[in-house]
Amino acid sequence: MSNVDSKNGFGTRAIHAGQQPDPGTGAIMTPIFQTSTYVQSAPNVNKGYDYARVANPTRTALEGNLASLENASDAVCYASGVSAIDAVMKCMKPGDRVIASNDLYGGSFRLFKQVYQKFGVSFDIIDITDLDALAQALEKPARMIWFESPSNPLLRIIDIERVSSMAHDAGAQVAVDNTFATPFLQRPLDLGVDLVMHSTTKYIGGHSDVVGGAICTNDKQWVEDLRFQVKTSGGVPGPMDCFLLLRGTKTLHVRMERHCRNARAVAQYLVEHPRVDRVYFPGLADHPGHEIAARQMDDFGGMISFTLVGDRMEDALAVLSGTNVFSLAESLGGVESLIDHPASMTHASVPKEERLKAGLKETLIRLSVGIEDEADLIADLDRALAAVNRA
Ligand SMILES: *Cc1c(COP(=O)(O)O)cnc(C)c1O
């Protein structure tokens, strides 16, 4: 269903996979099929589409594209990242146990603990970078392990290949939220996981103008279960959103190279700044996950977190409101740089004691380094950090 095959490089597949010129008109861009239903020539005789909750050609093109980028047989797209996680959790049964890492997107934590726990799915939140703790957790039966690497917001790195083999030996499956790395930097299915989840809202869309999610897999049973969930629960993206995401993936490889380059420069700048205490960035040689990251990722991504010397909230607030190029906002992965305060913004839904237990300080600041000019980003942070000096 595409004019490229899987032997092409990432950039070629990013632009072409899942898509072909419109057979009716030759339009090079996949049309926005803004329709809810499809005419049939006789009952159940149709061109592969009957109702748009089940499938839509713009969505089919996006799913083909994302599957190709993740080296998956299939991708299933959703109206948001959390609705993608929700679809996976709907496939759990009462009594199933999920082991999740303690440094997760706040909304994932909220969905697990406040929605699915009451239906009898249990969630053990542990530090999965600690493989002894994981081995111990796997002594009791578990259905699934859920984690992020790099994680949000502490940029922890989990050894995906090791965790997959430990899980499979114990009869559990593995899902990785690959939102921070994107398939350009990391392909977890190649490292043995069963499911890859994306908030396509972030780097895949890349322009902060769409909300979406996806699950990619090579497991036929999961494809069947997720397709059933799409038809039955219907958390689907609209055709316009799918079009915007397809437009985003065409430049994913180019944007990611620039995100990575800018983030490396910003991280180096922060490390040398006298007001900065710790810098969390997997590209730094002293980051505890650096070696694993260098092995399982092609580069280190565009996300950085840091704390300030003295750990005072007023200093953190001065930096958060002192930047001009970095905008204070939730979300990440767009072309524009963002600055965020996880404890009060993106991770406010994680109870404070869980946050502190996971090492997430109240004054931690998270950056989504965009693709503006490196010198402007550093000058902006320099001004904001100078304000701290005067305070
Ligand atoms: C944003 C995000 C999500 C949730 O995705 P939405 O598209 O906002 O629903 C899940 N995981 C990570 C790592 C995220 O950054």
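The model is predicted. It holds three cavities of 30 Å³ or more. The largest cavity and the second largest cavity each lie between domain 1 and domain 2.

**Largest cavity**

- The volume of the largest cavity is about 70 Å³.
- Its lining consists of Asn102, Asp103, Leu104, Phe109, Pro153, His347, Val350, Glu354, Arg355, Ala358 and Leu360.
- Sorted by class, this lining of the largest cavity comprises six nonpolar, two polar and three charged residues.
- Because domain 1 (10-249) and domain 2 (252-390) both contribute residues to the lining, the largest cavity lies between them.

**Second largest cavity**

- The second largest cavity has a volume of about 40 Å³.
- Pro150, Leu155, Phe180, Ala181, Met297, Phe300, Gly301, Gly302 and Met303 line the second largest cavity.
- Seven of these lining residues are nonpolar, two are polar and none is charged.
- The second largest cavity also takes lining residues from both domain 1 (10-249) and domain 2 (252-390), so it lies between them.

**Helix pair α3 and α4**

- Helix α3 spans residues 81-89 and helix α4 spans residues 106-116.
- The two helices pack with their axes 10 Å apart, at an angle of about 40 degrees.
- α3 and α4 are therefore oblique to each other.
- The crossing in which α3 passes α4 is right-handed.
- Phe109, a residue in the lining of the largest cavity, falls in the range 106-116 of helix α4.

Methods:
Residues are numbered from 1 along each chain as its sequence is written. This is a predicted model: local features need pLDDT of at least 70, side-chain atom pairs count only at pLDDT 80 or more; totals for chains, interfaces and linings use all residues. Side-chain values use heavy atoms; hydrogens and water are left out. On a 1 Å grid over the protein atoms alone, a cavity is a set of points where a 1.4 Å probe fits but cannot get out, and a pocket is an open set with protein on both sides within 12 Å along at least five of seven lines; lining residues have an atom within 4 Å of a point. Grid points are joined across faces, edges and corners, and a volume is the space filled by probe spheres set on the points. Ala, Val, Leu, Ile, Met, Phe, Trp, Tyr, Cys and Pro count as nonpolar, Asp, Glu, Lys and Arg as charged, and the others, Gly among them, as polar. Domain bounds come from an automatic or database domain assignment. Axes are lines fitted to C-alpha atoms, for helices over the stretch in contact, and angles run from 0 to 180 degrees between N-to-C directions. Helices (H or I, at least four residues) and strands (E, at least two) are DSSP runs, numbered from the N terminus. Angles under 35 degrees count as roughly parallel, over 145 as roughly antiparallel, 65 to 115 as roughly perpendicular and the rest as oblique. A crossing is left-handed if the near helix is turned anticlockwise from the far one by less than a right angle, and right-handed if clockwise.
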